[in-house]
Amino acid sequence: MCLTYTTVGSFGYAHVAEQLLPPPDIPWAPGQKDALESRLRHIPPNFMSAINEGPLTDAFQLGFALSIIMSYPLVVYPLRDTLWTIWLGAAGESGLPPPGDGGASPDKRPPAPPPMPNNVFFRLTAAAVSVALLVAVLVSDLDAMLMISGATGNCTVAFYLPALLFVVWADRYP
């Protein structure tokens, strides 16, 4: 997927640049650079909308849609398991080793959490899908939602959570 996204992005930007930039052998006309900078500032966030419609554009958009649809179960699975583990942890049945043990000896570890019952499995899945559907229906501007979730989620996962986990668990689980 990384190679596909990189290829599509590179060719997309090359296509837009080909339409905007003069040929390399022709010098810039007076004021042409300022006009180009003004046009570049007004390229929409979804640059696919700036490209002429056609079967190739439709195929790329279909590919992006399919990658999002196919990756949704990969998001729901860990969400459901995390909610189940948090719920068990709140009930005092966490699967973490006792503090200071570090999990070195298997006989001192608490038993693994019980498997998720079917009714809880279906309820958690229905709740996750319902919340996602509700957000999709209520939010009309997908660009704004992606910018907000990317700005908050990426920083949290990349910077805040590792530091927080280190501070909280460094002494308890060496």
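Okay, let's start with the rings: this structure holds two aromatic pairs. To count as a pair, rings of Phe, Tyr and Trp (its six-membered ring) need centres within 6.5 Å; planes under 30 degrees apart are called stacked, over 60 edge-to-face, and the rest tilted.

For the cut-offs, buried means under 20% relative accessible area, exposed over 50%, and partly exposed in between, with a 1.4 Å probe and protein chains only.

The other pair is Phe-121 with Phe-122, edge-to-face, 5.4 Å centre to centre and 80 degrees between the planes. Phe-121 is partly exposed, with a relative accessible area of 30%, while Phe-122 is exposed, at 54%.

Before I go on, a word on what we're looking at. It's a predicted model, where local features need pLDDT of at least 70, side-chain atom pairs count only at pLDDT 80 or more, and totals for chains, interfaces and linings use all residues. Residues are numbered from 1 along each chain as its sequence is written, and side-chain values use heavy atoms, leaving out hydrogens and water.

pLDDT is the predictor's confidence in each residue, from 0 to 100. The protein chain averages 76, and 75% of the residues score at least 70. Where is confidence lowest, and where highest? It's lowest in helix α2 (residues 32–41), at a mean of 73, and highest in α4, at 88. Keep in mind that where pLDDT is low, the predicted coordinates should not be read in detail.

As for the overall layout, the protein chain has five helices and zero strands. Those come from DSSP runs, numbered from the N terminus: helices are H or I, at least four residues, and strands are E, at least two.

Now α4, residues 118–138. Its 21 residues should span 30 Å at 1.5 Å a residue, and the end C-alpha atoms are 30 Å apart, so that agrees; the expected span is 1.5 Å times one less than the number of residues. Which residues of α4 are buried? They're Val-120, Leu-124, Thr-125 and Ala-128. Seen down the axis of α4, they fall within an arc of 130 degrees, so they line one face of the helix. That arc is taken from the directions from the helix axis to the C-beta atoms. The face turned away from the buried side carries exposed residues, including Asn-118, Arg-123 and Leu-138.

Across the protein chain, buried residues make up 16% of the 174 residues.
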